[in-house]
Amino acid sequence: MSYGSAPVLAGVELTVPAGTGVCVTGENGIGKSTLLRCVSGLQRPDAGRIRVFGGTPGGSPEFWAAVVTTVEPPTWYPGLTTKEHAELICRAHGQDPDEAGVDEALERFGLAGHADAIPPSLSSGQKQRLTLAMALLRPSALLILDEPEQRLDPEGRIAVAEMLADYLSTGGSLLMASHDDKFAVASGAELTTMESLHP
Ligand SMILES: Nc1ncnc2c1ncn2[C@@H]1O[C@H](COP(=O)(O)OP(=O)(O)OP(=O)(O)O)[C@@H](O)[C@H]1O
């Protein structure tokens with residue numbers, strides 16, 4: 001993969017066995033987001049091979065039924081509230097919002113008091129909470145998260161790490177990038193440095 005003439009991710013090899021979590025770490029600019037973008041099907045590598053559940057990333061409705069990526073920041077729907085965003089994601093995936101537990105999720109993410117606010121009025125940490133709440137509310141088999149701990153307060157990081165550990169314990173797979181090793185370990189992910197991905 002390259003941006004212009006600068007190579008990024010040359011010779012990288014990574015396997016995330018289904019039902020496990022991997023967290024890639026490394027200095028700013030080393031290529032973590034680029035890796036996650038490629039695995040999410042948002043960027044196509046110039047060479048090499050990426051398979052997700054045996055298929056090409058991003059290439060089919062089945063991929064997007066199974067995979068949630070937060071690599072690209074969300075766009076909020078004009079005029080829809082925090083709660084309506086959460087309900088919408090459930091309905092889009094064939095779930096009844098009450099049965100999916102929208103109210104409980106908003107409570108868990110500390111957003112219950114902001115259910116009727118529109119997302120642009122939320123703080124950056126609250127927007128991050130809503131993004132993660134929406135990612136975890138809908139059914140999925142793989143979460144691809146770019147620095148999910150960003151903008152969360154210490155309590156929020158602990159809560160999200162627990163929710164990711166729950167996700168893994170119920171059979172989900174997780175690929176994330178993070179600068180917070182403690183958070184990643186608490187999430188149940190195995191830490192892997194970008195440097196170690198070059199065999
Ligand atoms: N759109 C782009 N155009 C040109 N170069 C880019 C682009 N996106 C990333 N790069 C370059 O590719 C390299 C890898 O960037 P990437 O965002 O993947 O790093 P990262 O490890 O996620 O960094 P960080 O820890 O800061 O999030 C960097 O040198 C960056 O400057």
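Close-up 1. The model is a predicted one, in which local features need pLDDT of at least 70 and side-chain atom pairs count only at pLDDT 80 or more, whereas totals for chains, interfaces and linings use all residues. Residues are numbered from 1 along each chain as its sequence is written. Helix α3 spans residues 82–92, and its buried residues are Thr82, Lys83, His85, Ala86, Ile89 and Cys90. Seen down the axis of α3, these buried residues fall within an arc of 165°, so they line one face of the helix; the arc is that of the directions from the helix axis to the C-beta atoms. Helices (H or I, at least four residues) and strands (E, at least two) are DSSP runs, numbered from the N terminus. The buried residues of α3 pack against α4 (97–100), α5 (102–108) and α6 (124–137), and just after α3, glycine 94 takes a positive phi of about 75°.

**Close-up 2. The largest nonpolar core and isoleucine 144.** A nonpolar core is a set of buried Ala, Val, Leu, Ile, Met, Phe, Trp, Tyr and Cys residues joined through C-beta atoms within 7 Å. Of the 43 residues in the largest such core, Ala86, Ala133, Leu137, Leu143 and Ile144 touch the most other members, and α6 gives the most to this core, with seven residues. Not counting residues up to four places away in sequence, isoleucine 144 touches Leu36, Val39, Ser40, Val67, Thr69, Val71 and Leu175, a contact being a pair of residues whose C-beta atoms, placed from the backbone, lie within 7 Å.

Close-up 3. The ligand is surrounded by Tyr3, Val8, Gly26, Asn28, Gly29, Ile30, Gly31, Lys32, Ser33 and Thr34, each having its C-beta atom, placed from the backbone, within 6 Å of the ligand. Helix α1 (residues 32–39) contributes the largest share of this shell, three residues. By class, the shell has three nonpolar, six polar and one charged residues.

**Close-up 4. Strand β3 and its parallel partners.** Strand β3 (residues 21–25) runs parallel to strand β6 (residues 173–177), to which four bridges join it, and valine 22 stands opposite leucine 175 in β6. Four bridges also join β3 to strand β7 (residues 190–193), again in parallel, with valine 24 opposite threonine 192 in β7; strands pair if DSSP finds at least two bridges between them.

Close-up 5. Leucine 9, in the loop between β2 (6–7) and β3, has a phi near 70°, a positive value in a residue other than glycine. Leucine 9 counts as buried because it has 22 C-beta neighbours inside 10 Å. Glutamate 147 lies in the loop between β5 (142–146) and α7 (154–169), and its phi, also positive, is near 50°. With 19 C-beta neighbours inside 10 Å, glutamate 147 counts as partly exposed.

Key. A residue is buried if 20 or more other C-beta atoms lie within 10 Å of its own, exposed if 12 or fewer, and partly exposed in between; C-beta atoms are placed from the backbone. Two residues are in contact if their C-beta atoms, placed from the backbone, lie within 7 Å. Ala, Val, Leu, Ile, Met, Phe, Trp, Tyr, Cys and Pro count as nonpolar, Asp, Glu, Lys and Arg as charged, and the others, Gly among them, as polar.
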